[in-house]
Amino acid sequence: MPSCFSRRWPIRQLFAASSLVVLVACAEKPTAAVATPLPTLPTAQPALPVLPVTPMPNSAPDTALDFTPTISFADWQAGFRVDALKAGIRADLFDRAFAGVTPDMSVVKADRSQPEFTRPVWEYLDGAISPVRVRKGQALLAQYADVLQGIEQRYGVDRQALVAVWGMESSFGQFQGTQYVIRSLATLAYEGRRRAFAQDQLLAALQILQHGDIQPEQMLGSWGGAMGQTQFIPTTYNTHAVDFDGDGRRDIWNTPADALASTAHYLQSNGWQTGQPWGFEVQLAQGFDYALADAATRKSVAEWQQLGLKLPNGAPLPVGSMQQQAALVLPAGYRGPAFLVLDNFRAILKYNNSTSYALAISLLADRFKGGGYIQGEWPRGDLPLSRTERMELQSLLSARQYDAGTPDGIIGANTRKAIRSYQQSLGWPADGYPTHELLDKLRQP
C-alpha cells in the first residue's frame with residue numbers, strides 16, 4: 001500500500017517498527033516499464049456533463065474539530081482551488097469533486113492516533129497467512145492464470161507475490177475503504193499537520209479524476225487516501241498505475257488485471273529481481289554476533305555462510321543465491337526465527353515499510369506454492385512493549401548516554417543502535433530488540 005502516511009506507512013522499519021499502515025512509496029524512481037502515461041493537463045477542455053448532485057460518502061456536517069484552524073475550510077478551499085486551476089485542473093472538475101465536502105473528523109483522529117499496543121509479529125503472521133486467505137489466493141491464481149502470466153512476462157514479478165499483496169491490502173478487493181478520497185485528503189491538507197504532502201496527494205487525485213479513470217463519486221479509499229484493490233496513494237497511482245486490459249482506463253478499483261499489473265510495475269521499479277527468492281529462513285551458529293542483524297549490514301549470501309549461517313535443516317545456503325546481497329532479520333530478537341532477506345524483500349518494503357508486512361507477503365506467496373512454513377519457534381510468551389513503555393525505554397537509554405533519539409515510541413535505527421550498545425555493556429546478545437527484561441534493567445538505579 002504505497003504511501004507516505006504511516007499506516008504500518010509501508011509499507012505501509014526495514015526495520016524501524018511502526019504500527020501504522022503505510023501505503024505507497026514516498027519517492028518513486030524512473031522505470032523502463034511501459035506504463036500508460038498521465039497526459040499533460042490541457043488548459044481547457046469541454047465541460048463535464050451536468051450530473052445529479054449526489055451527497056459524497058461521509059459528508060456529514062462539520063463537527064467540533066480538535067485543532068484550531070487559522071482560516072475557515074471555505075477559505076482554505078478557495079485558496080487551494082486557485083492553486084489547482086493554475087496546475088491545470090478544470091474549474092468544473094474541481095467544483096464537482098468538492099461539492100458538499102466538509103472536514104471529516106474521523107480522518108483527523110485516525111491520522112493522530114498512535115495505538116498503545118501492537119500485535120506481536122507471530123500473531124500478525126497467523127492472521128496474514130490464514131488458511132482461508134491461502135485457499136482464496138490459490139483459487140484466484142488459477143482463475144487469473146492467463147492475466148498473471150501476461151503480467152509476469154511484462155514486469156518480471158512473480159504472480160504469487162502479486163496475489164499476496166492483493167490479499168493483504170484489500171482481502172482480494174473485498175475491502176478497499178469507504179471514505180471519499182477527496183474529502184479525506186482535503187481534511188488532512190486543511191488540518192495542516194502534513195499539509196504539503198496532503199496537498200500533493202489531493203492535486204494528484206484531481207488529476208486522476210480529470211484523466212477520466214474514475215468518477216468522483218466512485219473514488220473511495222482509506223482515511224489516508226489509499227485507493228483500489230492494492231491500495232495506491234494518488235501520486236503513486238499517477239506514476240505507476242497501468243491500463244493492462246486496454247480499455248482506456250487505469251481502473252485499480254474494479255479491474256483486478258489493472259490493479260495487479262500496477263502493483264507489478266511498482267515493485268519492478270523498486271528493484272524486484274525476476275526469478276530471485278525474497279530470502280529464506282536460516283539457522284545461526286553458536287556464538288553468532290547478533291549485532292550483525294541490522295538493515296544497514298548487507299553481505300553476500302556466501303559471506304553470511306562463512307559466518308556459520310545454514311538452512312534450518314542444517315543444509316548449506318542455496319548455491320544460486322551466493323552472490324546476492326542480503327541482510328539478516330530477527331523479527332522477534334535472538335529468541336525467535338532468523339531470516340536472510342534479499343532484494344525482493346526490500347522491494348516489498350518500498351510498498352509498505354514494515355518488516356512484519358514484508359515477511360507476511362513473502363511467506364504468503366510461498367504458502368500458495370506449498371511452502372512458507374517457519375521452522376524456528378517464536379517466543380510466544382514474550383509480549384511486545386506498549387507505546388508508553390517504548391517511550392520510557394528510549395528516555396532511559398538516553399539518560400544513560402545511549403542516544404535513542406526523540407522518545408516517540410518508534411523503534412527506529414537510532415533506538416536499535418542504542419539498545420545494542422546497552423546490551424553489549426551488559427554482556428547480553430546485542431540484537432537491538434526491545435524487551436520487558438531490558439526495560440526492567442534500565443529502571444534499576
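Buried means under 20% relative accessible area, exposed over 50%, and partly exposed in between (1.4 Å probe, protein chains only).

## Basis

This is a predicted model: local features need pLDDT of at least 70, side-chain atom pairs count only at pLDDT 80 or more, and totals for chains, interfaces and linings use all residues. Residues are numbered from 1 along each chain as its sequence is written, and side-chain values use heavy atoms, with hydrogens and water left out.

## Nonpolar cores

A nonpolar core is a set of buried Ala, Val, Leu, Ile, Met, Phe, Trp, Tyr and Cys residues joined through side-chain atoms within 4.5 Å. The largest has 86 residues. W76, F98, L125, I182, L206 and M219 have the most contacts inside it. Helix α14 (residues 355-368) gives the most to this core, with nine residues. Helices are DSSP runs (H or I, at least four residues) and strands likewise (E, at least two), numbered from the N terminus.

A second, separate core has 19 residues, including F280 and V301.

## Salt bridges

A salt bridge puts a side-chain nitrogen of Lys or Arg within 4 Å of a carboxyl oxygen of Asp or Glu. The count comes to 18.

E217 pairs with R96, the closest N and O atoms being 3.2 Å apart. E217 lies in the loop between α9 (195-211) and β2 (220-221) and R96 in helix α2 (residues 91-97), so the pair ties together parts 121 residues apart in sequence. E217 is partly exposed at 28%; R96 is buried at 15%.

R443 and E392 meet at 2.8 Å, N to O. Both R443, at 41%, and E392, at 28%, are partly exposed.
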